[in-house]
Amino acid sequence: MEFYYGVDMGGTTIKMGRFDREGTLLEKWEIPTRKEDGGKHIFDDIAEAILTRTAAAGGSVDSIKAVGIDIPGTIWEDGYLELSVNVGLKDIYPTEELSRRLNHVPVACGNDASIAALGEYWKGGGAGHRSMVLITLGTGVGGGIVLDGKVIAGAHGIGGEIGHLPVRFGEQEVCNCGNRGCLEQVSSATGIVRETKRTLVSSDQPSSLREIRNLTAKDVLDAAKAGDALAKSVMDTVTHYLGVAMGIVSNIVDPEVFVIGGGVSAAGQDLIEWIREAYDANMYMTKKRADVQLAQLGNDAGIYGSVRLVLPE
Ligand SMILES: [Zn+2]
């Protein structure tokens with residue numbers, strides 16, 4: 001019996017999957033992320049869950065062949081985790097922590113956004129392509145680059161941080177990263193709401209959104225799809241800056257396909273069409289364009305990507 005595990009560490013839950021040697025998902029589950037005490041229980045919890053599930057499936061410690069894990073944080077090339085704000089871990093080698101709790105099985109580790117990209121590249125929206133850039137539009141904007149099957153996380157762990165490309169010059173508010181005018185400030189779910197509120201204040205154009213309290217990005221997307229002119233003008237701004245960023249990315253890594261994921265991508269094919277138009281308007285060097293596709297794995301992208309790190313070729 002041979003099992004491979006994919007582990008996707010988030011700030012609230014840790015998602016886990018048990019896979020066979022071919023990469024078929026056999027079962028998945030999640031456990032809470034115990035962030036207290038500097039996250040020192042986290043690796044115990046993960047190891048215990050893996051051992052329990054292995055035993056329940058009729059296996060032994062020897063059945064655990066390898067574990068891949070992703071962490072939301074900056075991971076250096078040598079596997080050193082500098083800091084994960086969301087989880088409370090810092091200054092450790094996650095692979096060593098987990099491996100020594102699991103009879104020294106091989107463990108590989110990567111940044112969550114990059115690993116989600118690897119999952120989508122392997123089994124999701126990027127399948128069948130040689131190169132792919134994932135852009136996740138959620139609370140923030142994340143990104144990951146996969147070229148010829150290899151995740152490009154960079155020498156300092158910030159490769160693929162598309163959300164912090166500065167694209168909106170003149171922005172006065174400060175981004176979480178400390179810069180001003182980052183893509184994340186306008187194209188994340190949070191950014192969409194902020195942009196809408198700004199527009200509602202600065203114009204007196206009628207809009208169904210004026211009636212809504214506790215406005216969400218979904219409200220704005222629904223209204224834009226239903227033909228609300230103000231909502232559509234906000235989405236034009238949102239996708240314009242996304243298109244600018246994608247044009248820049250194309251000029252550097254020139255991927256075959258962009259895959260759009262995250263909560264905002266639930267808006268579906270209409271959103272993809274708007275993004276395609278905005279991207280096309282920002283491509284000058286060649287008539288050939290990267291395709292734009294929806295992500296397909298949803299919350300499972302992390303477990304697929306992390307197990308892919310450790311599966312045999
Ligand atoms: Zn930023």
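A nonpolar core is a set of buried Ala, Val, Leu, Ile, Met, Phe, Trp, Tyr and Cys residues joined through side-chain atoms within 4.5 Å. In this predicted model, the largest such core has 42 residues, and Ile135 and Met235 touch the most other members. The domain assignment divides the protein chain into domain 1 (3-117 + 300-308) and domain 2 (127-296). Two charged residues, Asp20 and Lys123, are also described below.

**Domain arrangement**

- The C-alpha centres of domain 1 and domain 2 are separated by 29 Å.
- Eight residues from domain 1 and 13 residues from domain 2 take part in the contact between them.

**Nonpolar cores**

- Within the largest core, which counts 42 residues, at least two residues come from each of strand E9 (131-137), strand E10 (141-147) and strand E12 (257-261).
- Helix H4 (183-187), helix H5 (189-202), helix H6 (217-225), helix H7 (229-253) and helix H8 (269-280) likewise each supply at least two residues of this core.
- Helix H7 gives the most to this core, contributing eleven residues.
- Beyond its neighbours within four places in sequence, Ile135 is in contact with Val141, Gly142, Ile162, Leu242 and Met246, and also with Phe258, Val259, Ile260 and Gly261.
- Another core, of 28 residues, lies apart from the largest one; Met16, Phe43, Ile64 and Val105 are among its members.

**Asp20**

- Asp20 is placed in the loop between strand E2 (13-19) and strand E3 (25-32).
- Although Asp20 is buried, it has no salt bridge.
- Lys123 is the nearest side chain of opposite charge to Asp20, at 7.6 Å, whereas a salt bridge requires a side-chain nitrogen of Lys or Arg within 4 Å of a carboxyl oxygen of Asp or Glu.
- A polar atom of the Asp20 side chain lies 2.9 Å from the backbone nitrogen of Thr24.
- Not counting residues up to four places away in sequence, Asp20 touches Glu2, Tyr4, Leu26 and Leu311.

**Lys123**

- Lys123 belongs to helix H3 (residues 112-123).
- Lys123 counts as partly exposed because its relative accessibility is 36%, the partly exposed class being the range between under 20% for buried and over 50% for exposed.
- Lys123 and Gln296 are 173 residues apart along the chain, yet their C-alpha atoms are separated by 8.2 Å.
- With residues up to four places away in sequence left out, Lys123 touches Gly23, Gln296, Leu297 and Tyr304.

Notes:
Residues are numbered from 1 along each chain as its sequence is written. This is a predicted model: local features need pLDDT of at least 70, side-chain atom pairs count only at pLDDT 80 or more; totals for chains, interfaces and linings use all residues. Side-chain values use heavy atoms; hydrogens and water are left out. Buried means under 20% relative accessible area, exposed over 50%, partly exposed in between (1.4 Å probe, protein chains only). Helices (H or I, at least four residues) and strands (E, at least two) are DSSP runs, numbered from the N terminus. Contact means heavy atoms within 4.5 Å. Lys and Arg count as positive and Asp and Glu as negative; His and the chain ends are not counted. A polar contact is a pair of N or O atoms within 3.5 Å; within protein, one must be able to donate a hydrogen and the other to accept it, and residues adjacent in sequence count only if both atoms are side-chain atoms. Domain bounds come from an automatic or database domain assignment.
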